[in-house]
Structures are given as structure tokens and as C-alpha cells.
Amino acid sequence: MTKKITRSMKNKMIAGVCAGFAEYFNVDPLIVRLLFMALCPFYGGGLIAYLVCALLIPEGQEETSGKEEPDRRERQDGERHDRERQGENGREER
């Protein structure tokens, strides 16, 4: 599958253009943001390029690592275990 550039939804500041370029080229987003800012004094080149990219580059999908769901389940299991343990020790449940 070919890699396509998309606007980042997880690391965006304004529209996700710089973060999208950073993900595509596997560099730090700060470097890409500084490059866009460096182009601004030259007739607003960085700003114009950013706006064009924001309009033309599609939004990326939010990546769900699936980590949120197990964490919630683990927390619930832990709470259930704590309640069971309290019941064994003769403590009153609230």
C-alpha cells in the first residue's frame, strides 16, 4: 500500500498540515513548522503554502491504538477486585 500525505488529526496545531508533512517524512513537526514560518517573510510564501495545503490535503483518520478500551476494562476489573476484597475483609461496601 502506498503512503499518502494527509493532515494529522492527532498532532495538529491549526489544520494539521505541518504535522501531516512531519508524519509523512518521519521528522519532528517542529522542524516542519519552523520551515513554514521561515517562508513567511518571502511574500507570505509559508502562509500561502499552508492555506493551499490545508485546502487540498485530505484529513487523516484518527488513529486509535485500541489502548483506551483495555485501560478502561482493566480499571473496572481492578475496581471489581477491590470491592470483592473489601467484602472478604468484612468491610461494608458503600
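**Entry 1: aromatic rings**

I count two rings of Phe, Tyr or Trp as a pair if their centres lie within 6.5 Å. With that rule I went through this model, which is a predicted one, and found four aromatic pairs.

I looked up Phe 21 with Phe 25 to begin with. Their rings are stacked, at 6.4 Å centre to centre and 0 degrees between the planes. Both residues belong to helix H1, and because they are four residues apart there, about one helical turn separates them. I also checked the exposure of Phe 25: its relative accessible area is 52%, so I noted Phe 25 as exposed.

Next I took Phe 36 with Tyr 50. Here the centres are 5.8 Å apart and the planes stand at 85 degrees, so I wrote the pair down as edge-to-face. This pair links distant parts of the chain, since Phe 36 sits in helix H2 and Tyr 50 in helix H3, 14 residues apart. I found both Phe 36 and Tyr 50 to be buried.

Which residues make up the aromatic cluster? I listed Phe 21, Tyr 24, Phe 25, Phe 36 and Tyr 50, which form one cluster.

**Entry 2: helix H1 and its neighbours**

I then followed H1 along residues 17-25 and marked Val 17, Cys 18, Ala 19, Gly 20, Phe 21 and Ala 22 as buried. What do these buried residues pack against? I found helix H2 (29-39) and helix H3 (45-56).

For H1 and H3 I looked up the axes, which come within 9 Å and cross at roughly 80 degrees. An angle of 65 to 115 degrees counts as roughly perpendicular, and H1 and H3 are therefore roughly perpendicular to each other. On the H1 side the contact is made by Val 17, Cys 18 and Phe 21, and on the H3 side by Tyr 50, Cys 53 and Ala 54. I sorted the residues of this contact into six nonpolar, no polar and no charged.

After H1 comes Asn 26, and I noted its positive phi, near 60 degrees.

**Entry 3: Ser 8**

My last stop was Ser 8, in the segment before H1. Is Ser 8 buried or exposed? Its relative accessibility is 2%, so I count Ser 8 as buried.

I looked for its polar partners too. The side chain of Ser 8 reaches the backbone nitrogen of Asn 11 at 3.2 Å, and a polar contact of 2.8 Å joins it to the side chain of Glu 23. Leaving out residues up to four places away in sequence, I found Ser 8 touching Ala 15, Gly 16, Ala 19, Gly 20 and Glu 23.

Definitions and conventions. Residues are numbered from 1 along each chain as its sequence is written. This is a predicted model: local features need pLDDT of at least 70, side-chain atom pairs count only at pLDDT 80 or more; totals for chains, interfaces and linings use all residues. Side-chain values use heavy atoms; hydrogens and water are left out. Buried means under 20% relative accessible area, exposed over 50%, partly exposed in between (1.4 Å probe, protein chains only). Helices (H or I, at least four residues) and strands (E, at least two) are DSSP runs, numbered from the N terminus. Contact means heavy atoms within 4.5 Å. A polar contact is a pair of N or O atoms within 3.5 Å; within protein, one must be able to donate a hydrogen and the other to accept it, and residues adjacent in sequence count only if both atoms are side-chain atoms. Axes are lines fitted to C-alpha atoms, for helices over the stretch in contact, and angles run from 0 to 180 degrees between N-to-C directions. Angles under 35 degrees count as roughly parallel, over 145 as roughly antiparallel, 65 to 115 as roughly perpendicular and the rest as oblique. Ala, Val, Leu, Ile, Met, Phe, Trp, Tyr, Cys and Pro count as nonpolar, Asp, Glu, Lys and Arg as charged, and the others, Gly among them, as polar. Rings of Phe, Tyr and Trp (its six-membered ring) pair if their centres lie within 6.5 Å; planes under 30 degrees apart count as stacked, over 60 as edge-to-face and the rest as tilted.
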